[in-house]
Amino acid sequence: MALHVRGVLLPDDEVRDLWLVGDRVTFTPVPGAETVVDGGFVLPGLVDAHCHIGIARGGAPITSLDQARELAHVDRDAGVLAIRDAGSPYPYPELDDEPDLPRLARAGQHVAPPKRYLRDIGVEVDATEVAATVAAQARAGNGWVKLVGDWIDRGVGDLAPAWDADTLTAAVRAAHDAGVRAAVHTFSESAVEIMVRAGVDSVEHGTGLSLDLIDEMARQGTALVPTMINIATFGGIAEQARGKFPGYADHMLALRDGFPEVVRAAHEAGVPIYVGTDAGGGIDHGLAAEEMLLLHELAGMAPVDVLAAASWGARAWLGFAGLVEGGLADLTVYPEDPRSDLRVVRAPSRTILRGRVIR
């Protein structure tokens with residue numbers, strides 16, 4: 001049966017009627033449709049543009065499709081109706097079109113340097129194998145590759161690029177040659193400079209960004225997914241590392257403390273910013289609303305810009321059509337205007353996914 005929705009369709013202020021026929025949206029009335037929303041503020045479903053439903057709580061790879069489903073359901077029940085899994089050690093292409101799961105944009109397994117990343121998570125390869133591994137992981141995902149751009153180098157005692165600049169640049173080129181986009185994990189100043197200048201498609205975290213790189217990102221259209229929730233954990237990381245790596249500990253704290261201004265500068269420069277929590281491992285799923293609030297409270301993004309970063313803008317970036325004629329039938333409804341009080345995104349009053357009422 002077709003569904004009828006009536007409410008203020010954000011980001012506009014006009015009360016609109018829309019009809020959901022199967023998994024599609026139409027503004028043409030459908031006789032006999034069941035009215036399931038009559039009032040409130042209607043938003044295209046939220047997006048978590050950086051999470052990992054292939055990594056269990058604590059950091060180990062999941063071992064079954066049911067585990068992936070369970071984690072995706074946590075996000076869905078918080079209003080997240082599309083996910084970009086930014087690297088999974090467990091393949092789950094069978095879930096791409098599962099009707100009660102959020103829509104999935106997936107990278108394959110992280111491409112990482114040997115013995116310098118989270119155990120059992122990445123495909124660890126030396127420089128000579130990076131390009132071929134990127135091509136293989138492009139086939140394992142459905143549009144993205146995830147590169148580990150830097151991590152602690154114990155020999156240096158601080159963050160350092162995963163490989164040399166030529167190798168990192170070739171990795172981005174290999175992803176593009178394979179027809180996918182490249183996302184890069186990076187905390188450090190040196191690695192993020194290499195990757196932005198190499199034309200990477202999205203910078204994950206990006207604590208080391210400088211003003212000139214931010215301008216370059218804006219010119220190129222390179223996205224930033226700040227994962228503010230992740231950056232808040234840097235204090236604990238520094239504390240654990242200080243005994244052996246005091247320079248690294250100080251560096252992580254400095255990156256954490258300066259990051260809100262980095263994100264603010266990126267937003268003001270016109271860098272596309274999207275909401276991502278880095279859920280999986282040490283961060284719980286279902287926290288997209290909290291990430292949105294941090295972007296507003298710490299980085300100074302206006303509520304309407306945060307909503308774009310978490311909803312219609314992020315969906316367009318990932319290729320998931322919003323609430324337009326012929327678009328996808330995903331929406332969340334809030335009883336009050338989230339542009340006036342962003343905290344209302346914590347509790348959607350109605351969630352519809354793929355044309356089916358979830359909540």
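Residues are numbered from 1 along each chain as its sequence is written, and side-chain values rest on heavy atoms, with hydrogens and water left out. Because the model is predicted, local features need pLDDT of at least 70 and side-chain atom pairs count only at pLDDT 80 or more, whereas totals for chains, interfaces and linings use all residues.

The UniProt record, in an unreviewed entry, lists residues 163-355 as "domain: Amidohydrolase-related"; its positions are given in the numbering used here, its feature names are shortened, and its annotations may be inferred rather than shown by experiment. The span 163-355 is 49% helix and 11% strand, and its end C-alpha atoms lie 45 Å apart. Helices (H or I, at least four residues) and strands (E, at least two) are DSSP runs, numbered from the N terminus.

Helix α7, residues 234-241, has Phe234, Gly235, Ala238 and Ala241 as buried residues, where buried means under 20% relative accessible area, exposed over 50%, and partly exposed in between, with a 1.4 Å probe and protein chains only. Viewed down the axis of α7, these buried residues fall within an arc of 135 degrees, so they line one face of the helix; the arc is that of the directions from the helix axis to the C-beta atoms. In general, an α-helix has 3.6 residues a turn, so residues three or four places apart point the same way. Glu239 and Gln240 are exposed on the face of α7 that is turned away from its buried side. The cover over the buried residues of α7 includes α6 (228-231) and α8 (246-269), with contact meaning heavy atoms within 4.5 Å.

Helix α8 also packs with α5 (residues 211-220), at an angle of about 40 degrees and with the axes 9 Å apart. The axes are lines fitted to C-alpha atoms, for helices over the stretch in contact, and angles run from 0 to 180 degrees between N-to-C directions. In this contact, Leu211, Ile214, Asp215 and Ala218 of α5 meet Val262, Ala265, Ala266 and Ala269 of α8. The residues of the contact divide into seven nonpolar, no polar and one charged, where Ala, Val, Leu, Ile, Met, Phe, Trp, Tyr, Cys and Pro count as nonpolar, Asp, Glu, Lys and Arg as charged, and the others, Gly among them, as polar.

In helix α9 (288-297), the buried residues are Ala288, Ala289, Glu291, Met292, Leu293 and Leu295. These pack against β5 (46-51), β6 (80-85), α6, α8 and α10 (303-310).

Several backbone features lie in loops. A cis peptide bond, with omega about 10 degrees, joins Leu10 and Pro11, and Pro11 is placed in the loop between β1 (3-9) and β2 (15-21). Thr227, although not a glycine, has a positive phi of about 45 degrees; this residue lies in the loop between β15 (223-225) and α6 and counts as buried at 0% relative accessibility. Asp278, likewise a residue other than glycine, has a positive phi near 65 degrees, lies in the loop between α8 and α9, and is buried with a relative accessible area of 11%.

Pro102 is found in the loop between β6 and β7 (103-106) and counts as buried at 0% relative accessibility. When residues up to four places away in sequence are not counted, Pro102 touches Ala72, Arg76, Val80, Leu81, Ala82, Ile83, Leu353 and Arg354.
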